[in-house]
Amino acid sequence: MRAKHAWRKFVAGALALVAGVAVSVTAAPGTASAAPQTVYVYSAAMNKNIPVRVLPASGGGSHATLYLLDGLRAPNNNSGWLIETDVQQFFAGKNVNVAIPFGGGGSFYTDWQRDDPTLGRQKWETFLTRELPAYLKSAFNSDNRRNAIAGLSMSGTSALNLASKHPNFYRGVASYSGYPTVSTPGFAQGIAASVLEMGGNPVNMWGLWPAGAWTANDPSLHTGNLRGKRVYVSSGAGSPRTNPIFNPASPSFDPIKFSQMVPLETAASISSQLYIASLRVAGVNPQVHITPEGVHWWTHWEDRLKESWYGTLAPSLGV
């Protein structure tokens with residue numbers, strides 16, 4: 001009997017310990033630590049918990065926040081930034097909270113007009129500009145005054161869109177290989193095709209092009225909203241010269257990777273350069289990195305994140 005009683009006490013203690021660990025993992029207010037952690041933030045707009053990897057700022061006091069968005073095929077339980085880059089090591093010791101939400105594949109991180117049979121309820125704009133900031137303020141001492149946002153490919157478009165629609169919230173924005181000419185013929189069809197590729201219906205997102213909310217979510221039509229902000233825009237042009245895998249004249253040529261990574265980057269370069277011209281007409285002087293080299297892949301975006309951090313994002317946040 002004593003052995004059974006002792007075992008019950010042991011089990012009870014173990015369960016209490018597990019419960020305590022669970023609380024720390026979900027990062028209730030006041031429990032944030034310097035170690036990266038995955039938290040689950042409830043979105044009333046989407047009626048579900050959204051996993052978010054938080055890289056907490058070093059030091060005390062209130063903190064600036066960088067929101068780092070994933071691409072078209074964003075997994076629901078991780079982020080390409082964590083899988084493919086050294087982002088956790090890069091931001092270690094920096095005085096900024098970095099929030100990396102999981103999921104959002106095919107969503108363009110926007111508020112959809114209607115629920116989608118496949119992708120469900122998509123209200124990412126509400127989550128990223130209201131729900132997640134409120135949580136980060138209570139749990140990680142984000143000051144909700146110094147904010148920046150960055151993304152690649154699909155989310156490069158999204159980052160510029162969100163910054164343009166919420167200029168009082170974001171001080172800095174970076175787009176890596178994005179498509180900011182959203183409602184322009186050709187690019188609009190490419191965006192619609194990418195949503196379809198993920199199983200969603202683009203009409204549920206912004207309505208039927210060119211009507212609906214396509215122009216309202218087109219960063220190139222709202223560049224004036226970024227006056228006084230720090231903006232970074234980059235892309236390669238898909239040139240295969242520096243990598244034999246993408247060079248049709250090379251014995252190492254990979255036609256599948258070529259078709260996946262080169263045309264997408266070429267289109268991103270065209271769209272980004274059109275957008276940069278619109279920024280300058282509006283009186284915005286962005287930091288720009290447009291080169292012939294570079295394909296649609298993480299090695300390119302990892303380098304551009306670091307460049308944009310030092311030249312645009314950190315100065316915008318004052319860190």
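**View 1. The largest pocket and the residues that line it.** Of the 29 residues that line the largest pocket, Leu72, Arg73, Ser153, Leu264 and His296 lie nearest its centre. The elements that give two or more residues to this lining are helix H2 (80-84), helix H6 (187-197), helix H8 (255-281) and helix H9 (298-317). The model shown here and in the other views is a predicted one, in which local features need pLDDT of at least 70 and side-chain atom pairs count only at pLDDT 80 or more, while totals for chains, interfaces and linings use all residues. Residues are numbered from 1 along each chain as its sequence is written, and side-chain values use heavy atoms, with hydrogens and water left out. A pocket, on a 1 Å grid over the protein atoms alone, is an open set of points where a 1.4 Å probe fits, with protein on both sides within 12 Å along at least five of seven lines, and a lining residue has an atom within 4 Å of a point. The volume of the largest pocket is about 730 Å³, where a volume is the space filled by probe spheres set on the grid points, which are joined across faces, edges and corners. By class, the lining has 17 nonpolar residues, eight polar and four charged; here Ala, Val, Leu, Ile, Met, Phe, Trp, Tyr, Cys and Pro count as nonpolar, Asp, Glu, Lys and Arg as charged, and the others, Gly among them, as polar.

View 2. Helices (H or I, at least four residues) and strands (E, at least two) are DSSP runs, numbered from the N terminus. H9 spans only 24 Å between its end C-alpha atoms, whereas a straight helix of 20 residues would span 28 Å at 1.5 Å a residue, the expected span being 1.5 Å times one less than the number of residues. A kink of about 60° in H9 is centred on Trp309, the bend at a residue being the angle between axes fitted to the seven residues ending there and the seven starting there. After H9 comes Gly318, whose phi is positive, near 75°.

**View 3. Helix H4 and the asparagines that come after it.** H4 (124-140) bends by about 35° at Leu132, and a proline, Pro133, follows within four residues. Between its end C-alpha atoms H4 spans only 20 Å, while a straight helix of 17 residues would span 24 Å at 1.5 Å a residue. Because 13 of its 17 residues are buried, H4 is largely enclosed by the rest of the structure; buried means under 20% relative accessible area, exposed over 50%, and partly exposed in between (1.4 Å probe, protein chains only). Asn141 lies in the loop between H4 and strand S5 (142-152), and its phi is positive, about 60°, although it is not a glycine. With a relative accessible area of 45%, Asn141 is partly exposed. Asn144, which lies in strand S5, has a positive phi near 60° as well, and at a relative accessible area of 23% Asn144 is partly exposed.

**View 4. Helix H5, a mostly covered helix.** Helix H5 (residues 154-165) has twelve residues and reaches 17 Å from its first C-alpha to its last, close to the 16 Å expected at 1.5 Å a residue. Eleven of the twelve residues of H5 are buried, including Met154, Gly156, Leu160 and Ser164. Ser158, in H5, is buried with a relative accessible area of 1%, and the C-alpha atoms of Ser158 and Phe108 are 5.7 Å apart in space although these residues are 50 apart in sequence.

**View 5. The loop between H7 and S7, and strand S7 itself.** Trp209 and Pro210 are joined by a cis peptide bond, with omega about 5°, and Pro210 is placed in the loop between H7 and S7. Thr223 has its place in the loop between helix H7 (202-206) and strand S7 (230-235), where Thr223 is buried, with a relative accessible area of 7%. A polar atom of the Thr223 side chain lies 3.4 Å from the backbone oxygen of Ser278. In strand S7 itself is Tyr232, which counts as buried at 0% relative accessibility. The C-alpha atoms of Tyr232 and His289 are separated by 8.1 Å, and these residues are 57 apart along the chain.

Key: A polar contact is a pair of N or O atoms within 3.5 Å; within protein, one must be able to donate a hydrogen and the other to accept it, and residues adjacent in sequence count only if both atoms are side-chain atoms.
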